[in-house]
Each structure stands twice: as structure tokens, then as C-alpha cells.
Amino acid sequence: MAAVVEVQDLRKRYRSADPFAVDGVTFSLEPGEAFGLLGPNGAGKSSVVKMIAGLTRPNSGQISLFGESPTNASARAKLGFAPEDPDFPKYLRADEVLDYFARLLGIRGEERKRRIPDALKWASLDGEGRQVRQFSKGMKQRLGLAQAILGRPQLLILDEPTADLDPIGRRDVREMIAGLKAQGMSILLNSHLLSEVERVCDRVIIIAKGRPLVEGRIDEVVPEGETLESVFMKLVEEKFGRKESGLPSFMTDAGSVGGGT
């Protein structure tokens with residue numbers, strides 16, 4: 001069976017004078033697989049996601065989405081995308097937001113009436129009558145996931161779905177992701193919360209400063225007795241080094257503490 005996503009030697013920078021935001025990234029995502037795109041803030045993860053979704057173009061390299069270019073309408077129709085910080089019209093209610101997106105997807109009236117309540121129930125937003133302006137961060141994230149699955153996508157891209165959520169919110173989103181994966185949906189998860197990824201993903205790629213550090217199955221990347229976070233820290237330190245102290249240099253000078261002049 002053909003890969004859902006194939007990325008080959010992907011490179012992207014936004015201005016010619018800038019360093020590459022993405023520099024030589026290669027991986028594939030298979031049908032029914034949850035794949036983690038990992039790295040710290042500023043690693044280039046969101047740039048990779050936007051190129052796969054056809055929102056921006058690479059400077060070089062190849063991307064295949066269901067065997068086609070990401071800019072092809074037939075490929076993008078199989079894709080659902082939940083951004084990191086979904087922004088919906090604040091005066092709408094949850095059902096009105098989903099009705100708006102369902103119309104954009106070309107879903108007809110009777111089918112909209114069936115899918116919208118189902119999506120709201122799945123996202124634990126059924127019966128919610130408040131406007132989006134009154135939603136918490138977690139409620140907006142769940143609404144973002146609900147709109148992303150309205151079109152019954154074969155691939156769901158999640159850009160930092162648990163960022164800034166409290167432990168209960170992270171648990172809820174994690175359970176929703178696990179349920180979609182169990183139904184056979186392919187999932188590309190972009191996150192810097194490594195413990196969350198370790199729980200739901202089959203394979204991962206770790207990138208830092210746009211460069212790939214390691215790619216493979218979780219059990220291959222993470223040796224027994226270690227965690228994904230510890231492996232990540234080791235890789236970054238080996239590749240880029242680290243400061244001996246996180247303090248400014250004047251704080252590490254002999255006698256500096258309490259020695260201001």
C-alpha cells in the first residue's frame with residue numbers, strides 16, 4: 001500500500017539571507033499510522049506541516065500526499081488540519097462554526113445535520129450553547145479537532161494539539177487521538193510535548209534547527225529504560241552542544257552572587 005505522505009530532502013527558508021528553517025528532512029507516513037514530528041519550539045515543525053498541507057512551498061525537495069502534489073485538490077480533499085491555535089469567529093456557537101466549515105467542504109444539508117451533532121458529541125461539546133468568545137483554550141482545541149474530522153479525512157494533521165492545555169485537557173485530546181487511530185485514520189502529530197507523543201505515536205522523527213536527528217519506530221528510537229525526552233536531549237546536545245549553565249555569564253563569575261557594584 002502506498003504511503004500517505006512521503007517527504008524527501010525537504011528544504012525551506014523564508015528569505016534568502018536567512019538560514020534554512022527546514023534543512024534536509026525525509027520521512028514517510030503509512031496508512032493507519034500515527035507519526036510524531038518532534039522538536040523544540042523553532043525547530044521547523046510547523047513549516048514542515050504547512051508544506052505538507054500545501055499552504056507554503058518548499059525551496060527544494062519533494063512532497064507526495066496520497067501520491068499527488070499537496071496543491072492538488074483531490075489530495076487536499078483527503079486531509080484534515082487542526083492548527084495549533086484555532087481562531088474561530090467569536091460570536092458563533094460551536095454548531096454554527098461546524099456548519100460554516102461543513103458548507104465550505106460542500107457537505108449537503110441533511111448530511112450536515114447528521115455529522116455536526118456527531119462531531120460535537122465526539123468532542124464533548126454537545127449541548128454547548130455559549131459563543132466561542134467564552135470558550136476555554138481546551139474547548140477551542142476540541143472544536144478545532146471536530147472541524148478537522150468533518151470531511152472524514154484519511155489523514156489528520158495536528159499542529160501542537162495539546163500546547164498550553166492543563167493535564168485534563170491533554171488527557172482528553174490524547175484519548176480523542178487514540179480513538180481516531182483505532183479507527184484506522186493516519187495521523188501526523190507535530191508537538192514539542194514528548195511525553196504525549198510517546199503515548200500515541202508508532203514512529204517519530206526528531207528535528208532541531210530544521211535538521212533531522214533521528215527517525216524510526218518508538219521502540220527503535222527509545223532504548224529500554226529511557227524516555228523519548230532523555231533521548232531527545234542527548235541527540236540535541238551531541239549535535240549542537242549546550243551551555244554549561246543556563247545563567248548569564250556574569251552570574252557564573254567567581255564571587256558574582258551578592259557581589260553587585
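**Note on the pockets and the cavity**

1. Strand 5 contributes the most to the lining of the largest pocket, namely three residues. Strands here are DSSP runs of E with at least two residues, and helices are runs of H or I with at least four, numbered from the N terminus. A word on the basis: this is a predicted model, where local features need pLDDT of at least 70, side-chain atom pairs count only at pLDDT 80 or more, and totals for chains, interfaces and linings use all residues. Residues are numbered from 1 along each chain as its sequence is written, and side-chain values use heavy atoms, without hydrogens and water.

2. The largest pocket has a volume of about 440 Å³. On a 1 Å grid over the protein atoms alone, a pocket is an open set of points with protein on both sides within 12 Å along at least five of seven lines; a cavity is a set where a 1.4 Å probe fits but cannot get out; lining residues have an atom within 4 Å of a point. Points are joined across faces, edges and corners, and volume is the space filled by probe spheres set on them.

3. Of the 15 residues lining the largest pocket, Arg 76, Leu 79, Gly 80, Phe 81 and Leu 105 lie nearest its centre. By class, 11 are nonpolar, three polar and one charged (nonpolar: Ala, Val, Leu, Ile, Met, Phe, Trp, Tyr, Cys and Pro; charged: Asp, Glu, Lys and Arg; polar: the others, Gly among them).

4. The search finds one cavity of 30 Å³ or more in the whole structure; the largest cavity has a volume of about 60 Å³. Helix 7 supplies the largest share of its lining, three residues.
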